[in-house]
Amino acid sequence: MTTTTQALTEASTSQFVRIQEGDLDLQLHYNDCGAGAETVVMLHGSGPGASGWANFNRNLEPLVAAGYRVILMDCPGWSKSDPIVCSGSRSDLNARALKGLLDAIDIDRAHLIGNSMGGHSAVAFALANPQRVGKLVLMGGGTGGASPFAPMPTEGIKLLQGLYREPTIDNLKKMMNVFVYDTSELTEELFQTRLDNMLSRRDHLENFVASLAANPRQFPDFGPRLAEIKAQTLIVWGSNDRFVPMDTGLRLLAGLPNAELHVFNRCGHWAQWEHADTFNRMVLDFLTH
Ligand SMILES: O=C(O)CCC(=O)/C=C/C=C(\O)C(=O)O
């Protein structure tokens with residue numbers, strides 16, 4: 001575990017652990033940052049080349065500085081975690097992986113922050129392990145299933161799947177340009193880092209395509225079960241989200257009994273990155289009160 005006096009870098013916080021959770025037996029990569037009595041776990045989205053570090057590098061430092069231990073879990077099939085083909089519910093698969101990780105590193109209870117697929121997975125974990133969840137923060141995800149208002153799959157998801165099938169720099173740029181509202185923040189360096197992440201694990205890209213062929217509905221709709229989740233929940237959405245449309249956030253708000261919703265204007269699918277400062281202040285306030 002790193003301390004707050006050390007610089008937080010991907011390399012200095014990088015850890016591996018072997019988990020055995022039912023029929024899941026694999027090695028997971030995670031970043032372990034800071035120290036504190038309370039733990040926050042961050043779960044990334046499903047894009048090619050995503051990782052805990054790629055999704056949350058603008059968010060972990062304020063939490064560590066405030067005295068939280070922050071764990072970024074790379075889901076099975078992403079980054080330096082082991083490869084997997086998922087033919088069932090990927091949300092539940094990630095939830096089982098998270099349980100295995102928490103057991104292996106001896107964490108009884110954690111707050112969960114989930115981005116997109118990470119939100120679906122946080123909800124799956126809360127349904128299966130309610131006693132192990134503190135508070136929930138869900139951005140651009142939380143229940144799978146279709147939107148009744150937007151054409152499905154959305155343009156963003158079509159671009160994401162296209163990028164998995166043809167992982168080129170042009171397709172990456174097409175996806176990222178729909179990802180965020182303000183594309184001026186997308187630097188060549190960011191594209192290159194993401195491209196390198198993607199291409200360093202072609203097995204993950206191929207497995208995602210194979211998973212979709214085996215089960216096109218990787219993220220089941222938890223809508224009917226949301227009322228079972230009693231955890232206090234902060235839902236955060238971008239009003240210009242072209243991947244998982246904002247009515248999904250409204251469905252979460254209607255279904256989760258202890259939820260509040262914050263909508264950012266001029267924001268796409270990456271609220272925690274596009275509006276990082278406000279997002280970080282909101283999360284800290286939500287976790288501490
Ligand atoms: O299909 C869904 O419902 C989830 C889509 C999703 O998880 C997309 C996330 C993309 C990122 O956050 C990323 O690539 O960084």
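What follows is a set of questions and answers on the ligand, the cavities and the backbone.

Modeller: This is a predicted model, where local features need pLDDT of at least 70, side-chain atom pairs count only at pLDDT 80 or more, and totals for chains, interfaces and linings use all residues. Residues are numbered from 1 along each chain as its sequence is written, and side-chain values use heavy atoms, with hydrogens and water left out.

Biologist: Which residues come nearest to the ligand?

Modeller: A residue is near a molecule if one of its heavy atoms lies within 4 Å of it. There are 17 residues around the ligand. The nearest are N55, N115, S116, H120 and R194.

Biologist: How far is an oxygen atom of the ligand from an N or O atom in the side chain of S116?

Modeller: A polar contact here is a pair of N or O atoms within 3.5 Å. The side chain of N115 has an N or O atom 2.9 Å from a ligand oxygen. For a polar side-chain atom of H120, the distance to a ligand oxygen is 2.8 Å. For S116 it is 2.6 Å.

Biologist: How much of the accessible area of the ligand does the protein cover?

Modeller: Accessible areas come from the Shrake-Rupley method with a 1.4 Å probe. On its own, the ligand has 400 Å² of accessible area. The protein covers 93% of that.

Biologist: Which helices each supply at least two residues of the shell around the ligand?

Modeller: Helices are DSSP runs (H or I, at least four residues), and strands are E runs of at least two. By class, the shell has eight nonpolar, eight polar and one charged residues. The helices are α5 (117-128) and α6 (155-165).

Biologist: What is the volume of the largest cavity?

Modeller: On a 1 Å grid over the protein atoms alone, a cavity is a set of points where a 1.4 Å probe fits but cannot get out. The whole structure has three cavities of 30 Å³ or more. The space taken by the ligand is the largest cavity. Its volume is about 100 Å³.

Biologist: Which element gives the largest share of the lining of the second largest cavity?

Modeller: The second largest cavity has a volume of about 40 Å³. Its lining residues, each with an atom within 4 Å of a point, divide into seven nonpolar, two polar and no charged. Two elements give two or more residues, α3 (60-65) and α12 (276-288). The largest share, four residues, comes from α12.

Biologist: Which residues does a cis peptide bond join?

Modeller: Most peptide bonds are trans. Here omega is about -10°. P153 lies in the loop between β6 (133-139) and α6. The cis bond joins M152 and P153.

Biologist: What is the phi of D106?

Modeller: Most residues other than glycine have a negative phi. D106 sits in the loop between α4 (90-104) and β5 (110-115). Its phi is positive, near 65°.

Note on methods:
Polar contact = N/O pair within 3.5 Å; in protein donor to acceptor, adjacent residues only side chain to side chain. 1 Å grid on protein atoms, 1.4 Å probe; cavity = no way out; pocket = protein on both sides within 12 Å on 5 of 7 lines; lining within 4 Å. Sits in = over half its atoms within 2 Å of the grid points. Nonpolar A, V, L, I, M, F, W, Y, C, P; charged D, E, K, R; others polar. Points joined across faces, edges and corners; volume = space filled by probe spheres on them.
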